[in-house]
Amino acid sequence: MKQKFDIISSTCVPLPLENVDTDQIIPARFLKATTREESFFGENLFRDWRYNPDGSLNETFVLNNPKYSGEILVAGKNFGSGSSREHAAWAIAGYGFRVVISSFFADIHKNNELNNFVLPVVVSESFLANLFASIDADPATIVEVDLPNQTVTNKATGESEKFDINGYKKYCLMNALDDIDFLLENKDKTVAWEEALKA
């Protein structure tokens, strides 16, 4: 969903598991879907962890725990490894997450998130561990993600870190532009450049 990014302050959903791959984020059987609706994929985010084999709710999984909610998913190291399926980013966005925080992302998945208006924030392992501890102690812990200043702050401890983001992607997120929108926004400049080449 195209939404302008600025500063997001939210509670978090903790997923302290390492090496969560894209098949766990959205199982392969959903890649055959004929819809592109984010809500469909959001409903099936972590499908095989959220539901038991008989279709009943797995009450032990964090997304089914009413204590946890928010627009920020906090995940363990190496999030989004495995296949390059963009459907994983669709599912994260479709569920309502606008930010994923981890100490490491698989590159392709990281870019897929950015292309789908989900901000992947890379933090140090010590910051991540402290954040998990804060959320565990108090599920109402607020995290502030400031895209203009590229900072993430654990409001429970006051700890803050800077994060990196490609300048082009930062501009697109802050202005709710996908790649096509960006090209259209700069159409006049492109035409002027082409005309200058002909001169």
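Predicted model: local features only at pLDDT ≥ 70, side-chain atom pairs only at ≥ 80, totals over all residues.
Q: What is the strand order in the open sheet of four strands?
A: The order is β1-β6-β7-β8, and the pairing is antiparallel.

Q: Which are the edge strands?
A: They are β1, residues 7-10, and β8, residues 159-162; each of these pairs on one side only.

Q: What does the twist average from one strand to the next?
A: It averages 10 degrees.

Q: How many bridges join β1 to β6?
A: Four, with β1 and β6 running antiparallel; β6 covers residues 143-146. Within that pairing, Ser9 stands opposite Glu144 of β6.

Q: And how many join β6 to β7?
A: Four again, also antiparallel. Asp146 has Thr151 in β7 as its bridge partner.

Q: What about the hairpin of β6 and β7, how many residues are between the strands?
A: Four residues sit between them, and Gln150 takes a positive phi near 55 degrees.

Q: Which residue in the turn between β7 and β8 has a positive phi?
A: Gly158, at about 80 degrees; this hairpin has four residues between its strands. β7 and β8 are joined by four bridges in the antiparallel sense, and Val152 is partnered with Glu161 in β8.

Q: Which way do the β7 side chains point?
A: Thr151 and Thr153 point one way, while Val152 and Asn154 point the other way. In general, side chains in a regular strand alternate between the two faces of the sheet.

Q: Are those four in β7 buried or exposed?
A: Thr151, Val152, Thr153 and Asn154 are all buried.

Q: Which helix lies across β6, β7 and β8?
A: Helix α6, residues 125-137, and it runs at about 40 degrees to β7.

Q: Is Cys12 buried or exposed?
A: Cys12 is buried, with a relative accessible area of 0%. Cys172 also counts as buried, at 4% relative accessibility.

Q: OK, charges. How many salt bridges are there?
A: The count comes to four. In general, side chains of opposite charge can pair when their charged atoms come close.

Q: Which side chain does Asp48 meet in a salt bridge?
A: That of Arg29, at 2.7 Å from N to O. Asp48 lies in helix α3, residues 47-50, and Arg29 in the loop between α1 and α2, so the pair ties together parts that are 19 residues apart in sequence.

Q: What does Glu125 meet in a salt bridge?
A: The side chain of Lys77, at 3.2 Å from N to O. Glu125 belongs to helix α6 and Lys77 to the loop between β3 and α4, so this pair ties together parts 48 residues apart in sequence. Glu125 counts as partly exposed at 48% relative accessibility, and Lys77 as partly exposed at 35%.

Q: Back to Glu144. Which residue does it form a salt bridge with?
A: Lys155, with the closest N and O atoms 3.7 Å apart. Glu144 is in strand β6 and Lys155 is in the loop between β7 and β8, 11 residues apart. Lys155 is partly exposed, with a relative accessible area of 47%.

How values were computed:
Residues numbered from 1 in each chain as written. Heavy atoms only, no water. Pairing = 2+ DSSP bridges. Helix = DSSP H or I, 4+ residues; strand = E, 2+ residues; numbered from the N terminus. Axes fitted to C-alpha atoms, helices over the stretch in contact; angles between N-to-C directions. Contact = heavy atoms within 4.5 Å. Buried < 20%, exposed > 50% of the residue type's maximum accessible area, 1.4 Å probe, protein only.
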